[in-house]
Amino acid sequence: MYISFDYYRVFYYVAKYGSISQAAEALMNNQPNISRTIKNLESELNCTLFIRSRKGVELTIEGEKLFSHVSAAVEQIQYGEEELCLERSLAKGVVTIGASEIALRCFLLPILKEFRQKYPGVRIRVLNQSTPQAISALKHGLVDLAVVTTPTSDTESIIYKEICEIHEIPVCGTAFSELADKQLTLSELTKYPLISLFKQTKTYEIYSEWFRQNNCAFLPDIEATTADMILPMVSNNLGIGFVPEQFLDNYPTQGLIRLDVKEILPARKICFLKGKNHSMSAAGREMERMILK
């Protein structure tokens, strides 16, 4: 039996919308043609596929059986067409991303690698930005999207989606080996030199508030400009630092000691940001899809 695929395509849209008029609109055709096609398909299959009513059409039992197969076929073809169109539109272009260092290291790098492998013709620009800087860049159209860490603020014109949670832990070098295998309080930690990101960062703000809530003063002895600087300083016994656990998976951990703190560390999340009124290129939309999938 040979039946034109166009018949099945029309059948799919009529079943999807439950309406011949809506199917005609979706297919940019007219209602008589759509009705004629359905009648021809029913004649070819020698069965009734729809029950007509004033409200529209409903699938019969035979129609439901056919739709379960036809829908899978039509949708797979549509996905294939979309993928080919996407690949053509992504043969070249630029996508600009604002990313905090923690978000880049703990989440974004594998996605950038995958994107680069799939779309080598697209240039990727990554700007190292704090969360406030990324929000400002989005508002001024300087980046297409951003991946940063919480907390976020002033997001009225920003679309905000949480992606995953990160867990930070305190670590020290061998010079402080007496702290290993002990449960410490924040008060005890303040007796040792602390390493932190500088005051203008959200990370500093979080830890300053956390210490304050636990009746301790957060007075780091060393302030670093980037998160990447903390572990080398810790491993060289300059003090105790708080870093995401994921950092330790990609850093030589010999000589580093993970510390156990009694107080619960503040929860942090990596989030995705984009401007509500910013129209992105095909490259930007595909990057967004890969980040959020």
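Student: How much space lies in the largest cavity?

Tutor: About 50 Å³. This is a predicted model, where local features need pLDDT of at least 70, side-chain atom pairs count only at pLDDT 80 or more, and totals for chains, interfaces and linings use all residues. Residues are numbered from 1 along each chain as its sequence is written, and side-chain values use heavy atoms, with hydrogens and water left out.

Student: What counts as a cavity or a pocket?

Tutor: On a 1 Å grid over the protein atoms alone, a cavity is a set of points where a 1.4 Å probe fits but cannot get out. A pocket is an open set with protein on both sides within 12 Å along at least five of seven lines, and lining residues have an atom within 4 Å of a point. Points are joined across faces, edges and corners, and a volume is the space filled by probe spheres set on them.

Student: Which residues line the largest cavity?

Tutor: Ile102, Glu168, Leu197, Thr203, Ala227, Ile230, Phe242, Val243, Pro244 and Phe247. Strand β11 (residues 240-244) gives the most, three residues; strands (E, at least two residues) and helices (H or I, at least four) are DSSP runs numbered from the N terminus.

Student: And which residues line the second largest cavity?

Tutor: Ile195, Ser196, Leu197, Thr203, Tyr207, Phe218, Ile230 and Phe242. The elements that give two or more residues to that lining are β9 (194-197) and α8. Its volume is about 40 Å³.

Student: Switching to the largest pocket, what is its volume?

Tutor: About 340 Å³. Of the 20 residues lining the largest pocket, the closest to its centre are Gln129, Ser130, Leu197, Thr201 and Thr225. The lining has five nonpolar, 12 polar and three charged residues.

Student: Which helix gives the most to that pocket lining?

Tutor: α6, with three residues.

Student: Which residues of α8 are buried?

Tutor: Lys202, Thr203, Tyr204, Ile206, Tyr207, Trp210 and Phe211. Buried means under 20% relative accessible area, exposed over 50%, and partly exposed in between, with a 1.4 Å probe and protein chains only.

Student: What comes just after α8?

Tutor: Asparagine 215, with a positive phi of about 60°.

Student: Is lysine 65 buried or exposed?

Tutor: Lysine 65 counts as exposed because its relative accessibility is 56%. Lysine 65 lies in helix α4 (residues 61-89).

Terms used:
Nonpolar A, V, L, I, M, F, W, Y, C, P; charged D, E, K, R; others polar.
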